[in-house]
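Here is a short report on a two-chain model.

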Amino acid sequence: MAHHDEDRAHELVELDLEDRPDGPAAAAAFSAGFGIFVLGLLTMLSEVSVSLHDWLERWEFDQGVGPLAGKTTLAAIAWAVSWIVVAALLRKRDVNLKVWFLFSLVLGILGAIGTFPPIFLSFAPE
Amino acid sequence: MELTTREVWTVLHGLVFGTVFLIAFAGGLAGLWSLRPGFLTTAGIRERMRRLYIGTWVMAVTAWVTVISGTWIVYPWYRAKLAASGGDDFAGCAGAALPSRSWSPRDFLLSDVSGTTHSWHEFGMEWKEHVAWASPFLATAVAFIVVYYGPRLVARPWLRAMVLVMFVAAFAAAAIGGAFGAFLNKVAPIV
């Protein structure tokens, strides 16, 4: 599907731009939302499970960072890997950008809620 | 005039990188907002895009440098458990008015020896240390989209809206981190 960007914005005609699909933008937005979601999920689960908390702490490699090391490193890995995978799948495709954006937004909001202390600390054992 | 290594890193993490991030955000937001049909000439778009390419990537790189330096360099000094003695986790903080090398900012805040300070850690630091990591994910996605689509953003309202939302969210996450960082450094500085 061609986007005909020059028809919507005539000032682009002189720039002679090739068409580019929406897929790569959807992949970038999704991976950002997914990375935040994983961060929030791990933050909550770290309070629920002592064994997970201790495992996340092992990612600090004696630097004194604590479980934050595992939460943030794994979230960054999830962000990067999901971007590579989804970008490869959508590289040349046009997708419904609204749907991908709203889905990514929901993931990001859920993740952000998971990092809010009154929420994740409510999962901590008394 | 003298600064310890810890103070230098705290200033770099919170003030220097934060200022660069803020400047890049302000310029980027103005640039992205005006990428609309009929707002710019072709020459104006060319000029605007060059600044946006640089600004969004500066913001993304700064976000990464800030969270990595904060988590792996500054945070361990903040959270070290130094005050425990016997069965009391905060015995060493008795009578303290500020953190020192014998009790960390976290020890000091949780001990409540100088007023009701534990909420600064349990709410402020706990939120800051986590949510700030959303910023580099979002800022990198924005930088990629701006460079990949370039002037095409003018003609695609949903793509532009998506970029603006992610851009502002990246700033909001960093602002929470920055604001609580400034307050925490006032209440319990890393020394």
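This is a predicted model: local features need pLDDT of at least 70, side-chain atom pairs count only at pLDDT 80 or more; totals for chains, interfaces and linings use all residues.

Residues are numbered from 1 along each chain as its sequence is written, chains are lettered from A and ligands numbered from 1 in the order in which they are written, and side-chain values use heavy atoms, with hydrogens and water left out.

**Interface**

Chain A and chain B bury about 4000 Å² between them, 72% of it on carbon and sulfur atoms. Buried area here is the accessible area (1.4 Å probe) that two parts lose on being put together, summed over both. Chain A brings 51 residues to the contact and chain B 44 residues; contact means heavy atoms within 4.5 Å. On the chain A side, A:Glu11, A:Arg20 and A:Phe101 lose the most area to chain B, together 16% of what that side buries.

Three salt bridges cross the interface of chain A and chain B. Each needs a side-chain nitrogen of Lys or Arg within 4 Å of a carboxyl oxygen of Asp or Glu. A:Asp22 forms a salt bridge with B:Arg156, with the closest N and O atoms 3.0 Å apart.

Two Arg residues sit over rings, with CZ of Arg (or NZ of Lys) within 6 Å of the ring centre and within 35 degrees of the ring normal.

| Charged residue | Ring | Distance to ring centre |
|---|---|---|
| A:Arg20 | B:Tyr148 | 4.6 Å |
| B:Arg36 | B:Trp33 | 4.6 Å |

**Nonpolar core**

The largest nonpolar core has 65 residues, and B:Ile145 and B:Met162 have the most contacts inside it. Such a core is a set of buried Ala, Val, Leu, Ile, Met, Phe, Trp, Tyr and Cys residues joined through side-chain atoms within 4.5 Å. Buried means under 20% relative accessible area, exposed over 50%, partly exposed in between (1.4 Å probe, protein chains only). Leaving aside neighbours within four places in sequence, B:Ile145 touches residues including A:Ala25, A:Ala28 and B:Met162.

**Aromatic rings**

There are 22 aromatic pairs over all chains. Rings of Phe, Tyr and Trp (its six-membered ring) pair if their centres lie within 6.5 Å; planes under 30 degrees apart count as stacked, over 60 as edge-to-face and the rest as tilted. A:Trp79 and B:Phe137 are stacked, because their centres are 5.4 Å apart and their planes at 15°. A:Trp79 is buried at 11% relative accessibility, and B:Phe137 is buried at 0%. Both belong to a ring cluster that also includes A:Trp83 and B:Trp64.
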